[in-house]
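Biologist: I would like to learn how to read a ligand site in a model. Can you take me through one?

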Amino acid sequence: MTEAVRGLYERNRQQGVAPWCGLAYDFVCPSMGTYPFQWFWDSCFHAIVLAHFDRERARQEIRSLLAHAQPDGFVGHVTFWQRERFEALLATYSIAYRTPYLSDCIQPPVLAEAVSAAAEGPGGDAFLAEVLPRVRRYYEWLDANRDPDRDGLIATLQPDESGLDHTPKYDAYLGIARPDHAEFTAAWQRVAGPYAAVGREQAAMFALDRFIVEDVLVNTIYAENARVLAGLLRRAGEDEAAAAWERRARATAAALVEKCYDASAGLFWDLAGAREAPLRVNTVSSLMPILLPDLPREPVEAIVAHLRDPEEYAAAYPVPSVAMNEPAYLEPRADSSLVYRGPTWMNTNWYLSRGLRRHGHLELARRIEEASAAVVEREGFREYYDPRTGEGFGARDFSWSGLALDMLARLEGDDP
Ligand code: GLC
């Protein structure tokens, strides 16, 4: 697996000097076919995988990701380093641009976890000292700009900010009746149009109340990364900032339980709009809080029961991105580019199996890790997989499916 991932990360490596900014870049793109640019959470996963066999490249990946961190802390979800070479592809994307080379939205904040992996080993302290101020500013930006109601939960302002672009959990809120690409483009434009009219200023976008989602997956990752960030700050001797981020991590985790958990369903729901209406669609996102080390026993066991249920998530190749008995569940199709409507993805498997280990559910964790590694070995690094047959779909040579390597390492070490 290490050799296979090494080869993949060589093929998808993008290196050069960008004429538009004069800076050198070195990163792994998600897939040469459809995604040749640098995506935020993909890149964080790539750094975590690279840390297994080439720590220097893991650090380079993060340096490239942070090269265009804005003075206020914001880091966009795509950097179009080599835009000119792939101009034709851009016509197929629906992206909000800050500049022609930077997008103007966020993705799930996996950054602290990636920095933590890259900062292990020799030279780690120097690397940490180099990047930590920008990492911290990025999370301060999220806290200052994306939690205006101060409940500890940050909000996404457009669907692709969750990284789960076409997830059915937003269908009703977006007014999607028949899920196809044209409907999604139209629905996204109904959000993006008014945003453009207010200059995409953060508070003004909130005031419009067009798409405000306190997303369970995003906030689980935020809580986890707030905790990891606190650890990085402690390591750097910044105790006061560390204590503040520990408090935020706890506040976000507590808010997820208090505001998003539905005890009768045993699931966590996103909250939509200024009214915070729960989006009651059973997707993998609803299970993500199992990652949180301080999640109370009751929701942990409820999530485990959903994961064990063959009607919902216990597929031959777990974990489907939508419960298989949800009306919105869709089998993957070669002619569809809609994502997160049913198939199994390696990034959510990576998080869920880690959460299961944390709460002592080793057997179920191993089952997910083993099935993940097996399907990647059989089908190659695909974007997503059919939960029933394991067949690979979507982009080929898809880099974050290299997370199978990290899951195999866990299996070998059996390290909870
Ligand atoms: C799709 C996914 C998003 C990912 C991107 C690049 O847009 O929904 O999560 O970051 O592709 O892989």
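Modeller: Start with the place: the ligand sits in the largest pocket. On a 1 Å grid over the protein atoms alone, a pocket is an open set of points with protein on both sides within 12 Å along at least five of seven lines. A molecule sits in one if more than half of its atoms lie within 2 Å of its grid points. This is a predicted model: local features need pLDDT of at least 70, side-chain atom pairs count only at pLDDT 80 or more, and totals for chains, interfaces and linings use all residues. Residues are numbered from 1 along each chain as its sequence is written, and side-chain values use heavy atoms, without hydrogens and water.

Biologist: Which residues surround the ligand?

Modeller: Near means a heavy atom within 4 Å. The shell includes Pro30, Trp39, Asp42, Gln107, Asp165 and Phe398. It divides into 7 nonpolar, 2 polar and 2 charged residues.

Biologist: What lies 2.5 Å from an oxygen atom of the ligand?

Modeller: A polar contact is a pair of N or O atoms within 3.5 Å. Here, a backbone N or O atom of Gly163 is 2.5 Å from a ligand oxygen. The protein covers 95% of the 310 Å² of accessible area that the ligand has on its own (Shrake-Rupley method, 1.4 Å probe). For side-chain N or O atoms, the distance to a ligand oxygen is 2.9 Å at Trp41 and 3.5 Å at Tyr35.

Biologist: Is Ser286 buried or exposed?

Modeller: Buried means under 20% relative accessible area, exposed over 50%. Ser286 counts as buried because its relative accessibility is 2%. A polar atom of its side chain lies 2.7 Å from the backbone oxygen of Phe268.

Methods:
Polar contact = N/O pair within 3.5 Å; in protein donor to acceptor, adjacent residues only side chain to side chain. 1 Å grid on protein atoms, 1.4 Å probe; cavity = no way out; pocket = protein on both sides within 12 Å on 5 of 7 lines; lining within 4 Å. Nonpolar A, V, L, I, M, F, W, Y, C, P; charged D, E, K, R; others polar. Buried < 20%, exposed > 50% of the residue type's maximum accessible area, 1.4 Å probe, protein only.
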